[in-house]
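Have the model open in your viewer and your selection tool ready. We will take it one stop at a time.

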Amino acid sequence: NNELKKDIEKKEKIDEMQKKLPPLDNFVIPGENELSSLSHVCRTITRRAERHIYRLNGNGNMNIDKNLKIYINRLSNFFFLYERMLSK
């Protein structure tokens, strides 16, 4: 739990990445290069995991730590921004 909190606190780096990119005014089409494609795959898998976590939490059988939900969301944001930076 403490490790997740530390990782979540690193979000400033993700915010810095976003500030370096121009505003998004269209859809991002992955595949500019191999690294951006791999980043897209990572983001897709992370988003799928995020949906599963929320589904598990939502049906009342499990109480998922809120830090895990925040972490997985920030991780998918990172992959999206990283993909944009690589395609830039």
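**Where two helices cross**

Keep in mind as you look around that this is a predicted model. Start by selecting helix 1 (residues 2-9) together with helix 4: their axes come within 9 Å and cross at roughly 35 degrees. The crossing of helix 1 past helix 4 is left-handed. Now show side chains. On helix 1, the contact is made by Leu4, Lys5, Asp7 and Ile8, and on helix 4 by Asn67, Leu68, Ile70 and Tyr71. Colour them by class and you will find five nonpolar, one polar and two charged residues.

**Along helix 3**

Next, select residues 34-58, which make up helix 3.

Pick out Ser36, Ser39, Arg43, Thr46, Glu50 and Ile53, the buried residues of helix 3. They pack against helix 4 (66-87). As you step through them, recall that an α-helix has 3.6 residues a turn, so residues three or four places apart point the same way.

Now visit the ends. At the start of helix 3, a side-chain oxygen of asparagine 33 comes to within 3.2 Å of the backbone nitrogen of leucine 35. Just after helix 3, click on glycine 60, whose phi is positive, at about 80 degrees.

**Zooming out**

Finally, show the whole chain: four helices and zero strands. Its C-alpha atoms fill a box of roughly 40 × 25 × 25 Å along the principal axes. Of the 88 residues, 24% count as buried.

Notes. Residues are numbered from 1 along each chain as its sequence is written. This is a predicted model: local features need pLDDT of at least 70, side-chain atom pairs count only at pLDDT 80 or more; totals for chains, interfaces and linings use all residues. Side-chain values use heavy atoms; hydrogens and water are left out. The expected span of a helix is 1.5 Å times one less than its number of residues. Buried means under 20% relative accessible area, exposed over 50%, partly exposed in between (1.4 Å probe, protein chains only). Contact means heavy atoms within 4.5 Å. A polar contact is a pair of N or O atoms within 3.5 Å; within protein, one must be able to donate a hydrogen and the other to accept it, and residues adjacent in sequence count only if both atoms are side-chain atoms. Axes are lines fitted to C-alpha atoms, for helices over the stretch in contact, and angles run from 0 to 180 degrees between N-to-C directions. A crossing is left-handed if the near helix is turned anticlockwise from the far one by less than a right angle, and right-handed if clockwise. Ala, Val, Leu, Ile, Met, Phe, Trp, Tyr, Cys and Pro count as nonpolar, Asp, Glu, Lys and Arg as charged, and the others, Gly among them, as polar.
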